[in-house]
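Open the model in your viewer and keep the selection tool at hand. We will go from stop to stop, and at each one you will hear what to select next.

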Amino acid sequence: MGDGDASTGGGGDPQRLKRIAAGAYDYENDARWAGYWSNVLVPPHLASRADVVDHFKRKFYQRYIDPDLVVEPMSSTSSTPSNKSATSSSSTPSSENVRARDSGTVNSGSSASQPPPAERTGSSLRFDGRTIHFSINAWVLVVSSLGILPILPKDIASKAYRLSLLGTICSSAYSLYCTYGKPRAWNMPAIQPWLQSIIVAKDFVHLMFSLMMFTSNVHFKIALLPVLCWALDHVARFLRRNFARSSFYRRYLEEPCLWVESNNTTVSILCSNAEIALGFLMIVSLFSSKRNIIQTFMYFHLLKLMYHAPVTSGYHQSVWARIGRAVNPHIHRYAPFLNTPISAAQRWWLR
């Protein structure tokens with residue numbers, strides 16, 4: 001009877017069984033799910049919705065368990081006529097960060113599972129956008145790798161430094177635009193909620209970091225380390241999703257990409273250490289002729305944002321806690337007069 005259903009359903013029954021299996025899968029006991037979900041950039045007001053979480057669970061299942069599972073775009077599965085205008089601009093772009101092969105896995109002979117012509121056009125445009133985003137990050141990866149090397153001449157290293165930051169600015173701004181769009185209107189009632197939605201996004205943190213370092217009159221090579229890690233993570237994820245069946249990828253790139261994905265936490269902690277170390281280097285630079293008090297103050301505001309933003313808070317809080325455990329005993333013993341200013345700084349930092 002199952003064969004008869006499959007033949008009459010035009011190939012829809014196997015997909016129904018795959019969706020049932022994806023829904024019954026035990027995600028909580030799969031360690032890969034926690035790492036996958038932590039890297040999904042979803043606006044805070046959508047992250048708690050069950051349909052959004054279920055969509056990304058199916059994407060996870062397609063990626064790691066069953067590549068033949070067809071996952072419909074979120075705009076056609078989670079939006080209804082009454083709320084489509086309110087959610088399509090936020091839910092659909094946010095799914096692009098973890099979309100693997102939506103446009104290539106749907107059976108062309110099944111008209112029921114194909115989107116309408118206008119939606120297929122939008123999907124191809126989004127794929128082109130993802131390719132452009134990948135190209136920028138691949139360029140940043142190469143240039144930042146050159147800029148961080150100590151053997152390059154000073155003028156070439158300086159150009160690589162600025163080009164790496166410029167590429168990260170373009171990449172982060174483009175990703176923010178694709179995910180959050182632009183304000184509905186250019187007035188404060190429309191701009192304020194739009195800013196509140198993007199200010200905790202990972203791409204916004206990357207954009208602010210790159211802008212500050214790009215406009216700084218002092219070049220800290222350590223600033224290229226987070227830029228290099230961000231580009232490496234994006235390139236590895238893109239290659240794994242789009243070139244997994246390529247013989248060249250399987251031979252030369254699969255192991256490095258798997259290492260990057262499996263050590264995402266280590267890479268993020270490395271970035272946090274570099275970002276905090278850069279803050280201390282900027283404090284030291286205040287005693288040089290190239291000091292910039294305003295920029296140092298702004299950078300510590302950015303570090304404060306990283307400490308509180310959900311996408312970076314865990315890593316930054318861990319690094320600051322380790323610094324506190326190492327430094328506080330020496331301050332209490334040798335410089336107790338610093339306790340008062342440090343307490344005041346901590347109150348400002350935590351509020």
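Before the first stop, one term: a salt bridge is a side-chain nitrogen of Lys or Arg within 4 Å of a carboxyl oxygen of Asp or Glu. Please also keep in mind that this is a predicted model.

**Stop 1: helices 13 and 14**

Select Glu261 and Arg240, a salt bridge whose closest N and O atoms are 3.6 Å apart. This pair joins distant parts of the chain, since Glu261 sits in helix 14 (residues 247–262) and Arg240 in helix 13, 21 residues apart.

**Stop 2: Lys18 and Asp66**

Next, select Lys18 and Asp66, whose side chains form a salt bridge at 2.9 Å, N to O. Lys18 belongs to helix 2 (residues 12–24) and Asp66 to the loop between helix 5 (50–64) and helix 6 (74–77), so this pair ties together parts 48 residues apart in sequence. Lys18 counts as partly exposed, at 22% relative accessibility, while Asp66 is buried at 13%. The structure has 5 salt bridges by this rule.

**Stop 3: the second largest pocket**

Show helix 15, helix 16, helix 17 (313–334) and helix 18 (339–350), each of which supplies at least two residues to the lining of the second largest pocket. Its volume is about 640 Å³. Among its 18 lining residues, Phe280, Trp320, Ile342, Ala345 and Gln346 are the closest to the centre. Which helix gives the most to this lining? Helix 17 does, with 8 residues. The lining is made up of 14 nonpolar residues, 4 polar and no charged.

**Stop 4: a cavity**

The structure holds 1 cavity of 30 Å³ or more, and the largest cavity has about 60 Å³ of space. To find the largest cavity, select some of its lining residues, including Ser216, Phe220, Met282 and Lys290. Its lining divides into 3 nonpolar, 6 polar and 1 charged.

**Stop 5: out on the surface**

Finally, select Val142, Leu146, Leu149 and Ile151, a nonpolar surface patch with about 380 Å² of accessible area together. Ile151 is in the loop between helix 9 (117–147) and helix 10 (154–180). Its relative accessibility is 71%, so Ile151 counts as exposed.

Key:
Residues numbered from 1 in each chain as written. Predicted model: local features only at pLDDT ≥ 70, side-chain atom pairs only at ≥ 80, totals over all residues. Heavy atoms only, no water. Patch = residues over 30% accessible without salt bridge, like charges linked within 9 Å, V, L, I, M, F, W, Y side chains within 5 Å. Areas by Shrake-Rupley, 256 points an atom, 1.4 Å probe, with all protein chains shown as cover. Helix = DSSP H or I, 4+ residues; strand = E, 2+ residues; numbered from the N terminus. Buried < 20%, exposed > 50% of the residue type's maximum accessible area, 1.4 Å probe, protein only. 1 Å grid on protein atoms, 1.4 Å probe; cavity = no way out; pocket = protein on both sides within 12 Å on 5 of 7 lines; lining within 4 Å. Points joined across faces, edges and corners; volume = space filled by probe spheres on them. Nonpolar A, V, L, I, M, F, W, Y, C, P; charged D, E, K, R; others polar.
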